Amino acid sequence: MNNKFKLKSNFKPAGDQIKAIKELDDGIKASARHQMLLGVTGSGKTFTIANIIEKTQKPTLVLAHNKTLAAQLAQEYREFFPNAAVHYFVSYYDYYQPEAYLPITDTYIDKETQINEEIDRLRHAATQALLTRKDVIIVASVSAIYGLGNPVEYEKVNIKIENKIKITRTEIIKKLIGIYFERTNADLSPGKFRAIGNIVEIMPVNEKIIYRIELLGNKTAKLDKIDGISRAILEKDIKSFFLFPAKHFVMPENERKRAIIDIKKELKKRLSELKTAGKILEYERLKRRTNYDLALIREIGYTNGIENYSRHFDGRKEGEAPYTLLSYFPRKKNGAADFLTIIDESHVTVPQLRGMYFGDRARKKTLIEFGFRLPSAIDNRPLNFEEFEEKVGQTIYTSATPAEYEIEHSERIAEQIIRPTGLIDPEIIVRPINSDVARPNKYGGQVADFIEEIKKMVKKGGRAIATTLTKKMAEDLSEYLKNKKIKTEYLHSGIKTMDRITILTDFRKGKFDVLVGVNLLREGLDLPEVVLIGILDADKEGFLRSETSLIQTIGRAARNADGRVILYADKITGSMKKAIDETNRRRRLQFTFNKKHNITPKTIIKNIKDITDQIKTEHQKSIETLLIIDSDLYKKNPKKLIKEKEKQMAEAVKILNFETAAILRDEIKILTK
């Protein structure tokens, strides 16, 4: 494919961006393996990297340390490269409780998950883009280093449906089931199909369209591409279309038989070891569990926890690295990576990449020791850091506060201190925690003081952020501020991925004025409307009040010309002093540059876009639209409106218009509530 990256922007590189782009580009050309972009908050690091992507013209993996930041970056890269394939790849679990065993209390915890189908669809869209085009940017969380199906098998096992070819309805159905599509008689969703009479309709797993096959006897007579919701024909009489499997883990029948034999061999060996060691309970537990799993795999091709047998299914050797998202990126003939890797906020992301393997391994070893899993389960794992480094190509780390690893490994360090906007790092004010005895509350004087500052800020139309030390404190403070008639929300890791993004979008839109958080409000989040930040209990040394954490949090106010940060502390800690000194150093550099070039700092103006709008299904959007349209009717006579909707739903079912019926069904549910 001749797809090319073409950067679109109203801005041209300015300030330190010009020098940074040249240095990094020279490093790429000189085959530098590791480079560092040391850029302050608001200096346009993403724009600098976008320029590098355009210059290198290579598929790019951007790694972020949390889903919220990944969503923001995906949106920014989509704006820079509107014609490229920019995709979002994060864990598809809304809830994940891994399988575990606690020997001290003899407690076994079964794996429990809640999968977000929309994120699963986006994951498929990402891998399919990598297999079909060159201009691909995948913005991913550390989910990128966890096991995924073999890309060779995934690419190999697809079906091509052509027009005017000899094929029966039964053969089409068998082919679809063979690549893990599910049959339904209701409304279609990604990875499902339905067959009514001589019509077969299929919704591919990666997009919300329908392929409609019309058969005449034992031959395809017509192929149409249809909008998944409106049913408008997008393309008539197409010649052919391809369908990728509906699951990433694909296994041909002969491979499944081989894997079952290998699992049986391993089971026999492990049972012998347990028997010799006199572990009768573990022996019986493992024998019963594995034989049950094998029966299900043999009969239906799947069992809960099937990923624990992935080494056998993939045909990997003991200890060999699993297939991951990285396996889908292009490689040169010699096996070397032929793509660019960007590690965003590297001081957090690199330790996260390093830590995943060890935590997973410790949990699995306990399960194996006590007979819950075969020893091969240890190879159902994330990549270790050495494997990760081996599988990625040229890497650029970006951070305002790089850690020792990036500094030591980087062959070139490009500094980006000067902001094109002329914005100066925020003014830092230090105030005592218990400064106002006349306004005591359970938080001490710091909250009472911060409330007074919020009131002044809200009058001017700004937003504020408060950071606490725990989730509970964030929730309590949010509630306390609400009781004081201050529009507030909290944000922490306990909130679902899509809800986090919506909260941040609403914050930027001004639906509320104060956002309270713990650790998610640090790295990378682009919130130019933030004028004021209050760091509560700033003198409590530790991870959340380290030099790096403080600099990153202070940086959230660096996109606004009026930005201020208040550190509430009864003493100046070492971390506070270093953070204040570094911020003041950067302020001096920017101030000198502005004076020399006669620049007046201007707040960044950025469009407010929400990636959840793209992640929402057309189904959800249709329901929301109907609810707005019907709101006036509902106020007049709710029961009458619901009865009318029920009648419309029944009529839609009669004519087999299941999509419309499903939209009406879900609207009725909301109206009834």
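Reply: Two strands pair if DSSP finds at least two bridges between them. Helices (H or I, at least four residues) and strands (E, at least two) are DSSP runs, numbered from the N terminus. This is a predicted model: local features need pLDDT of at least 70, side-chain atom pairs count only at pLDDT 80 or more, and totals for chains, interfaces and linings use all residues. Residues are numbered from 1 along each chain as its sequence is written, and side-chain values use heavy atoms, leaving out hydrogens and water.

Me: Which residue is the bridge partner of R212 in β14?

Reply: D224 is the bridge partner of R212. Strands β13 (residues 209-215) and β14 (residues 220-227) run antiparallel and are joined by 7 bridges.

Me: In what order do the 6 strands of the open sheet come?

Reply: The order is β10-β11-β12-β13-β14-β15, with mixed pairing. β10 (182-183) and β15 (233-235) are the edge strands, each pairing on one side only.

Me: Which residues of α8 are buried?

Reply: Buried means under 20% relative accessible area, exposed over 50%, and partly exposed in between (1.4 Å probe, protein chains only). In α8, the buried residues are E282, Y283, L286, T290, D293, L294 and I297. Seen down the axis of α8, these buried residues fall within an arc of 120°, so they line one face of the helix; the arc is that of the directions from the helix axis to the C-beta atoms. On the other side of α8, the exposed residues are I280, L281, R288, Y292, E299 and I300.

Me: What follows α8?

Reply: G301 follows α8, and its phi is positive, near 80°.
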